[in-house]
Amino acid sequence: MGIRERLSGNEAVATALRQINPDVIAAYPITPSTEVVHYFSQYVADGKVDTEFVAVESEHSAMSACIGAAAAGVRTATVTSACGLALMWELLYVASGTRLPLTLLVINRALSGPININNDHSDSMGARDSGWIQIYSENNQEAYDNYIMSLRIGEHKNVRLPVMVCQDGFITSHAVENIELLEDDKVKQFVGTYDPEWSMLSGKPTSVGPYDTPMFYFEHQYQRARAMVDAKNVILDVFKEYGALTGREYGLFEEYKMEDAERAIVVLNSSAGTAKYTCDRLREKGEKVGVIKLRVFRPFPLEELAKALSHVKAVAVMDKADSFSGIGGPVFTDVRHACYELEKRPHIINYIYGLGGRDVREEDFQLVYAALDEVIKSGKTGEIYRHVGVRGV
Amino acid sequence: MSNMVEIRWHGRGGQGAKTASLLLADAAFSIGKYVQGFPEYGPERMGAPITAFNRISDERSSLHSNIYEPDYVVVVDPTLLSAVSVTSGLKKDGAVIINSNKDPEEFRPLLEGFEGKVYTIDAGVIAEQEIGRNIPNTPMLGAVVKISGVIPEDKFLEDMEQSLKDTFASKPHVIEGNMKAIKRSLQEVKGL
């Protein structure tokens, strides 16, 4: 089953877009996501899709056009990176607050300044509070699979939230690797047709996005927040169904060699692969180490993660973005929070790593595991807000 | 992963080192290998030093870092030898393959004490004569396949012909020129 291929991460998600054939895509190119727009424009020109492709003049317009199309009731998607996502900011909240389940492929890149085109997570991590579901991808295969699944999650009647599917710019977006694709008809069958309960084209008079007075605004916000909570079960159901179809069943996070692990690294996107590789090398030497690869960051899998970390002595949480809060990055604060209710809390430290395309190596993870060993031996957590791979520290 | 072969390409923007790494990934994929082909992106401009990488193995590699201890280093532009430490981390039993008409041993003094094998291939001239332009990447690719043995030569030639046919359907002379260049490169590597 499946089609054996070799594709870059960008080619993989462009292929998923072709197979899904959304009704509307409005996009503006920005490195390193530009290729996705290139490939898709070619599909449109070649008649391989019948999508209405709107070449807009900015990302603000891209998201605005997507919101308009989604409000009309059609399946809508876009793609961006870094400053492009930042320019969509205002509209991200409009999309989720208006409960429009459009999808956004984020090819993660550092936010300026100074300007940098390479990878980190400062773009999507900044958008973590915008009411979008966020799913992260280790490689081309996961980016492809996550994206196909994302439509079913966002469009579910208990969710109706927009979804961003993230992968690392250049590191996976421009790396050609093996991948197993689904046949076109299977993808079409899996995503089905989008039939929203409410839309401007439904024949029932509907207003979208009017002024929301204090009489109702709070209730709408509560519903949006509730939808994010409820999304977790829908996500798990969709993952399960996709697993039955493909043999690739995903979880909210992946537990790698965690059964008897005393030290764990929590990490997301491409570096999770390098962490697993490092974990294997240390396991060969008998070290009890493991990796948790976070896949779904919004909604945050709080209880599940706490359970997975309950038997561990020390945890390092990796952040490829700084919150500039002075107390660590966004993944760290959530993971540490998740462990608060545990009867026996592990030591938990944070590492900011890989900013702006700084290559993340096996050696970096060796150093992190060694630091966790120190923490366990000394019995003291020590400094929680740490950096790895940066010079002069 | 003991069966993994790691290759690092050094070229200048515009010479096709990235394309060569992707073609090699394609060819290795076609014989059932797990592949990675990826460039390192910096300030991109014609003539700037660039690096590209290949991992080729029997199982999927989850590593997503650059390559620091390659089995093979390919130097598409020999003027880089005075600017970039191309043999950095190169395994002792590995090899460096340089685009040049000179004898391999002439490069030894520029290789910062590297004691392994050195090969040369006159890829620029082969490309000029067979393709009509100095785009050395396909003849360099031929030399890499010859020396590394990661792909059987006949399978490689078959796959390259198909890739070129897919890419240049409307330009048959390009296909013929590139195929001649690749076949010559398999024969003309110096240092064997």
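The dialogue below goes through the features of a predicted model.

Me: What applies to the numbering and the cut-offs?
Reply: Residues are numbered from 1 along each chain as its sequence is written, while chains are lettered from A and ligands numbered from 1 in the order in which they are written. The model is predicted, and local features need pLDDT of at least 70, side-chain atom pairs count only at pLDDT 80 or more, and totals for chains, interfaces and linings use all residues.

Me: Which domains does the assignment give for chain A?
Reply: Domain bounds come from an automatic or database domain assignment. Here chain A has domain 1 (3-246) and domain 2 (253-388). Their C-alpha centres lie 28 Å apart.

Me: How many residues of domain 1 of chain A are in contact with domain 2 of chain A?
Reply: Two residues are in contact if their C-beta atoms, placed from the backbone, lie within 7 Å. By that test, 28 residues of domain 1 of chain A are in contact with 20 residues of domain 2 of chain A. Elements are DSSP runs numbered from the N terminus, with helices being H or I of at least four residues and strands E of at least two. On the side of domain 1 that touches domain 2, α6, β6 (133-136), β7 and α9 (217-246) of chain A each supply at least two residues. The largest share, five residues, comes from α9(A).

Me: What classes of residue does that side of domain 1 of chain A have?
Reply: Ala, Val, Leu, Ile, Met, Phe, Trp, Tyr, Cys and Pro count as nonpolar, Asp, Glu, Lys and Arg as charged, and the others, Gly among them, as polar. The side of domain 1 of chain A that touches domain 2 of chain A has twelve nonpolar, eleven polar and five charged residues.

Me: Is F239(A) buried or exposed?
Reply: A residue is buried if 20 or more other C-beta atoms lie within 10 Å of its own, exposed if 12 or fewer, and partly exposed in between, with C-beta atoms placed from the backbone. F239(A), in helix α9 of chain A, is buried because 23 other C-beta atoms lie within 10 Å. Apart from neighbours within four places in sequence, F239(A) is in contact with M149(A), E249(A), Y250(A) and G251(A).

Me: How many residues of chain A are in contact with chain B?
Reply: The interface has 21 residues of chain A in contact with 17 residues of chain B. β8 and α10 (271-284) of chain A are the elements that give two or more residues to the chain A side. α10(A) gives the most, with five residues.

Me: Which strand of chain B pairs with β8(A)?
Reply: Two strands pair if DSSP finds at least two bridges between them. β8(A) pairs with strand β2 (residues 34-40) of chain B in the antiparallel sense over two bridges, and V176(A) stands opposite G37(B) in β2(B). Within chain A, strand β1 (residues 3-8) and β8(A) pair in the antiparallel sense over six bridges; there L7(A) stands opposite E177(A). β8(A) is mostly covered, as five of its six residues are buried.

Me: What is the strand order of the six-strand open sheet?
Reply: The order is β9-β11-β10-β13-β14-β15 (chain A), with mixed pairing. β9 (253-256) and β15 (385-388) of chain A are the edge strands, each pairing on one side only. β9(A) and strand β11 (residues 289-294) of chain A pair in the antiparallel sense over four bridges, with E254(A) opposite K293(A).

Me: Which strands does helix α12 of chain A lie across?
Reply: For angles, axes are lines fitted to C-alpha atoms, for helices over the stretch in contact, and values run from 0 to 180 degrees between N-to-C directions. Helix α12 (residues 330-338) of chain A lies across β10 (263-267), β11, β13 (314-319) and β14 (347-353) of chain A, at about 150 degrees to β13(A). Helix α13 (residues 362-378) of chain A lies across β10, β11, β13, β14 and β15 of chain A, at about 145 degrees to β13(A).

Me: Where are the backbone exceptions?
Reply: Most residues other than glycine have a negative phi, and most peptide bonds are trans. The peptide bond from S112(A) to G113(A) is cis, with omega near 5 degrees, and the bond from R298(A) to P299(A) is cis, with omega near 0 degrees. R99(A) has a positive phi near 60 degrees, and F170(A) has a positive phi near 65 degrees.
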